[in-house]
Amino acid sequence: MAVDLDHVRAIAERVAASLGVEVVEVELRGGGKSRMLRIFIDKPAGVTHEDCASVSREVGTILDVEDAVPGSYTLEVSSPGLDRKLEKAADFARFTGSLVKLMTREPVHNNRHFEGRLEAFDGNRLTLDLNAAKLSHSKRKRMGEAAAAQEKIEIELANVERANLRPEI
């Protein structure tokens with residue numbers, strides 16, 4: 001019997017909402033006895049170990065009672081990490097100002113791979129400052145903002161195939 005991931009996501013989202021977190025992604029990997037159901041959760045202040053444990057306990061109980069994932073599997077609940085995926089419009093809105101790495105479906109200015117600061121997002125189109133990824137803060141300061149000519153590019157959200165945050169440490 002196939003697993004209905006939409007049903008699993010609906011269960012996870014119901015539980016997550018009651019605990020004040022959001023479901024970022026639900027995935028089922030592997031096969032046979034080594035199947036792994038992963039649920040990634042987040043909240044503005046970041047998730048704690050207790051958040052993950054609570055979601056795991058409650059979702060696991062519901063999944064088992066409803067037999068939503070027949071057979072054996074391992075349930076893993078965690079944060080999406082520093083390099084989290086950006087998929088929904090809300091993700092791009094939330095992380096405006098962050099460094100991102102993305103790939104487009106169709107080339108933009110003869111390129112499909114971009115890295116830069118997500119400068120703006122209007123719901124349909126995002127603006128990337130490509131220089132942000134090339135210049136460190138200290139180098140930009142030495143050069144002066146005017147000298148670091150801003151190379152910006154606009155990309156339609158519908159053209160984004162894959163996007164991730166790029167950690168700034």
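**View 1. E154 and R125 form a salt bridge.** In this predicted model, the closest N and O atoms of E154 and R125 are 3.4 Å apart. E154 lies in strand β7 (residues 152-156). R125 lies in strand β6 (residues 125-129). The pair therefore ties together parts that are 29 residues apart in sequence. E154 is partly exposed, at 46% relative accessibility. R125 is partly exposed too, with a relative accessible area of 32%.

**View 2. E161 and R112 join two strands through a salt bridge.** The side chains of E161 and R112 meet with an N to O distance of 3.1 Å. This pair links distant parts of the chain. E161 sits in strand β8 (residues 160-165). R112 sits in strand β5 (residues 111-121). The relative accessible area of E161 is 40%, so E161 counts as partly exposed. For R112 the relative accessible area is 28%, so R112 is partly exposed as well.

**View 3. D91 and R84 meet in a salt bridge.** The N to O distance between the side chains of D91 and R84 is 3.5 Å. Are D91 and R84 buried or exposed? Both are buried. That label applies because buried means under 20% relative accessible area.

**View 4. A network of salt bridges takes in D91 and R84.** Its members are E22, D42, R84, K88, D91 and R94. Salt bridges link these residues. How many salt bridges does the structure hold? The count is 18.

**View 5. Helix α1 crosses helix α2.** Two packed helices are described by the angle between their axes and the distance between the axes. Helix α1 covers residues 5-19, and helix α2 covers residues 49-66. Their axes come within 10 Å. They cross at roughly 140 degrees. That angle makes α1 oblique to α2. The crossing of α1 past α2 is right-handed.

**View 6. Side by side, α1 and α2 bring these residues into contact.** On the α1 side are H7, V8, I11, A12, R14, V15, S18 and L19. On the α2 side are S54, V55, E58, V59, I62, L63 and E66. How many residues of this contact are nonpolar, polar and charged? Nine are nonpolar, three are polar and three are charged.

Notes
Residues are numbered from 1 along each chain as its sequence is written. This is a predicted model: local features need pLDDT of at least 70, side-chain atom pairs count only at pLDDT 80 or more; totals for chains, interfaces and linings use all residues. Side-chain values use heavy atoms; hydrogens and water are left out. A salt bridge is a side-chain nitrogen of Lys or Arg within 4 Å of a carboxyl oxygen of Asp or Glu. Buried means under 20% relative accessible area, exposed over 50%, partly exposed in between (1.4 Å probe, protein chains only). Helices (H or I, at least four residues) and strands (E, at least two) are DSSP runs, numbered from the N terminus. Axes are lines fitted to C-alpha atoms, for helices over the stretch in contact, and angles run from 0 to 180 degrees between N-to-C directions. Angles under 35 degrees count as roughly parallel, over 145 as roughly antiparallel, 65 to 115 as roughly perpendicular and the rest as oblique. A crossing is left-handed if the near helix is turned anticlockwise from the far one by less than a right angle, and right-handed if clockwise. Contact means heavy atoms within 4.5 Å. Ala, Val, Leu, Ile, Met, Phe, Trp, Tyr, Cys and Pro count as nonpolar, Asp, Glu, Lys and Arg as charged, and the others, Gly among them, as polar.
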